[in-house]
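Try each task yourself before you read the solution.

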Amino acid sequence: MTRTLLLASAALAGLSLAAEAAPRVVTDLPPVGALVAQVMRGVGAPEVLLTAGGDGHHHQLRPSEARQVANADLLVWLGPQMTPWLDAAAGSLAPGQGLALLAQPGTHLHDGHGHHHDEGEA
C-alpha cells in the first residue's frame, strides 16, 4: 500500500501544473478514488468514473466518461483485469498518463483458489 501511494504521489508530482490549477485525475472505482484523494489532499480531488454500487466488471464506458479520460492529466485505475471496459480508453493515453495499479511491480493477486499470481513482475 505504501509503495502504491508513493507511485501515485510521484505520478502526480511529475505533472506540469499551472500556478493554481490542480491536476485533473480520473479513477475507475470508488476505492481507487479514495486512495488517490488521500494522495491529492489539499491539491484537488479525483473524478471517479463508476459510482458506488456500480459493476466494475461489466460497466459500459459512456461517451462522457471517455471524454473525462481523454481530458485527464492522469488516469489511476486497477487495470484491465478488474475494469476491462476502460482498457481501450487507457490505451489511447500518452505514456506516463495512466497508472494501472495491478500492473505495478510487486503486486500479488489471488485467483480465488489459493494461488498467487505476480502480475507486476516481468
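**Exercise 1.** Work out how many helices and strands the protein chain has, and which pattern they follow along the sequence.

*Solution.* Start by counting: the protein chain has four helices and six strands. Here helices (H or I, at least four residues) and strands (E, at least two) are DSSP runs, numbered from the N terminus. Next, read along the sequence, and you get α-β-α-β-α-β-α-β-β-β. Two notes before you go on: this is a predicted model, where local features need pLDDT of at least 70 and side-chain atom pairs count only at pLDDT 80 or more, while totals for chains, interfaces and linings use all residues. Residues are numbered from 1 along each chain as its sequence is written, and side-chain values use heavy atoms, with hydrogens and water left out.

**Exercise 2.** Find where threonine 83 lies, decide whether it is buried or exposed, and list what it touches.

*Solution.* First, locate it: threonine 83 is in the loop between strand 3 (74–77) and helix 4 (87–91). Second, check its relative accessible area, which is 0%, so threonine 83 is buried. (Buried means under 20% relative accessible area, exposed over 50%, partly exposed in between, with a 1.4 Å probe and protein chains only.) Third, look for contacts (heavy atoms within 4.5 Å): leaving out residues up to four places away in sequence, threonine 83 touches Asp28, Leu29, Gly56 and Trp77.

**Exercise 3.** Find the largest nonpolar core and say which element gives the most to it.

*Solution.* A nonpolar core is a set of buried Ala, Val, Leu, Ile, Met, Phe, Trp, Tyr and Cys residues joined through side-chain atoms within 4.5 Å. The largest one has 14 residues, and Val25, Val32, Val36, Val76, Leu78 and Leu101 have the most contacts inside it. Helix 2 gives the most, with four residues. Apart from this core lies another, of twelve residues, including Val26, Trp77, Ala90 and Leu93.

**Exercise 4.** Track down the salt bridges and say how exposed the partners are.

*Solution.* Look for a side-chain nitrogen of Lys or Arg within 4 Å of a carboxyl oxygen of Asp or Glu; the count comes to two salt bridges. In one, glutamate 47 pairs with arginine 24, with the closest N and O atoms 2.6 Å apart. Glutamate 47 lies in strand 2 (residues 47–48) and arginine 24 in the loop between helix 1 (2–13) and strand 1 (25–27), so the pair ties together parts 23 residues apart in sequence. Glutamate 47 is partly exposed at 21%, and arginine 24 is partly exposed at 32%. In the other, arginine 62 meets glutamate 65 (3.0 Å, N to O). Arginine 62 is partly exposed at 48%, whereas glutamate 65 is buried at 4%.
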